[in-house]
Amino acid sequence: MSMIRLTVEETNLLSIYKEGSKRALIENVNVALPFMDGEMRGFAARTLAKVEAMTEAEFAGLPIYAADEV
């Protein structure tokens, strides 16, 4: 089993949209995607694909903090 690795940039992106659960984060990013410019949209979509491939346990172990907690 290989652990999915996130870059600092990906972790920062996820911290903006994290509200607790993996499902909520995925929904939040999907809602925001149409409002992102092309390059950012691609980056967010690739990051989302990594999150979707994670198990709940892997997601729960990520060092992601809500942006207002940093």
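Colleague: Which residues is leucine 14 in contact with, leaving aside its neighbours within four places in sequence?
Modeller: This is a predicted model: local features need pLDDT of at least 70, side-chain atom pairs count only at pLDDT 80 or more, and totals for chains, interfaces and linings use all residues. Residues are numbered from 1 along each chain as its sequence is written, and side-chain values use heavy atoms, with hydrogens and water left out. Contact means heavy atoms within 4.5 Å. Leaving aside neighbours within four places in sequence, leucine 14 touches Leu6, Leu25, Thr47, Val51 and Ile64.

Colleague: Is leucine 14 buried or exposed?
Modeller: Buried means under 20% relative accessible area, exposed over 50%, and partly exposed in between (1.4 Å probe, protein chains only). Leucine 14 has a relative accessible area of 1%, so leucine 14 is buried.

Colleague: Where is leucine 14 placed?
Modeller: Helices (H or I, at least four residues) and strands (E, at least two) are DSSP runs, numbered from the N terminus. Leucine 14 belongs to helix H1.

Colleague: Which residues of H1 are buried?
Modeller: Leucine 14 is one of them. The buried residues of H1 pack against H2 and H3. The list for H1 is Glu10, Thr11, Leu13, Leu14, Ser15 and Tyr17.

Colleague: Is valine 8 buried or exposed?
Modeller: Valine 8 also lies in helix H1. Its relative accessibility is 60%, so valine 8 counts as exposed.

Colleague: At roughly what angle do the axes of H1 and H3 cross?
Modeller: Axes are lines fitted to C-alpha atoms, for helices over the stretch in contact, and angles run from 0 to 180 degrees between N-to-C directions. The axes of H1 and H3 come within 10 Å and cross at roughly 90°.

Colleague: What does that make H1, relative to H3?
Modeller: Angles under 35 degrees count as roughly parallel, over 145 as roughly antiparallel, 65 to 115 as roughly perpendicular and the rest as oblique. Relative to H3, H1 is therefore roughly perpendicular.

Colleague: Which residues of H3 make the contact with H1?
Modeller: H1 supplies Glu9, Glu10, Leu13 and Leu14. From H3 come Met40, Phe43, Ala44, Thr47, Lys50 and Val51.

Colleague: How many residues of the contact of H1 with H3 are charged?
Modeller: Ala, Val, Leu, Ile, Met, Phe, Trp, Tyr, Cys and Pro count as nonpolar, Asp, Glu, Lys and Arg as charged, and the others, Gly among them, as polar. In the contact of H1 with H3, six are nonpolar and one is polar. The charged residues number three.

Colleague: Which residues form the salt bridge?
Modeller: A salt bridge is a side-chain nitrogen of Lys or Arg within 4 Å of a carboxyl oxygen of Asp or Glu. The structure holds one. The pair links helix H3 to helix H1 across 40 residues of sequence. At 3.0 Å, N to O, the partners are lysine 50 and glutamate 10.

Colleague: Which residues does threonine 47 contact, leaving aside neighbours within four places in sequence?
Modeller: Threonine 47 is in helix H3. At 0% relative accessibility, threonine 47 counts as buried. Beyond those sequence neighbours, threonine 47 touches Glu10, Leu13 and Leu14.

Colleague: How far apart in space are phenylalanine 43 and glutamate 10, C-alpha to C-alpha?
Modeller: Phenylalanine 43 is also in helix H3. Not counting residues up to four places away in sequence, phenylalanine 43 touches Glu9, Glu10 and Leu13. Phenylalanine 43 and glutamate 10 are 33 residues apart in sequence, but in space their C-alpha separation is 8.2 Å.

Colleague: Which crossing does H2 make as H2 passes H3?
Modeller: H2 and H3 pack at an angle of about 160°, with their axes 11 Å apart. The two helices are therefore roughly antiparallel. A crossing is left-handed if the near helix is turned anticlockwise from the far one by less than a right angle, and right-handed if clockwise. The crossing of H2 past H3 is left-handed.

Colleague: Which residues of H3 does H2 meet?
Modeller: H2 brings Lys22, Leu25, Ile26, Val29 and Asn30. Their partners in H3 are Ala44, Leu48, Val51 and Glu52.

Colleague: Which helices do the buried residues of H2 pack against?
Modeller: In H2 (residues 22-32), the buried residues are Lys22, Ala24, Leu25, Ile26, Val29 and Ala32. The buried residues of H2 pack against helix H1 (8-17), helix H3 (38-53) and helix H4 (56-60).
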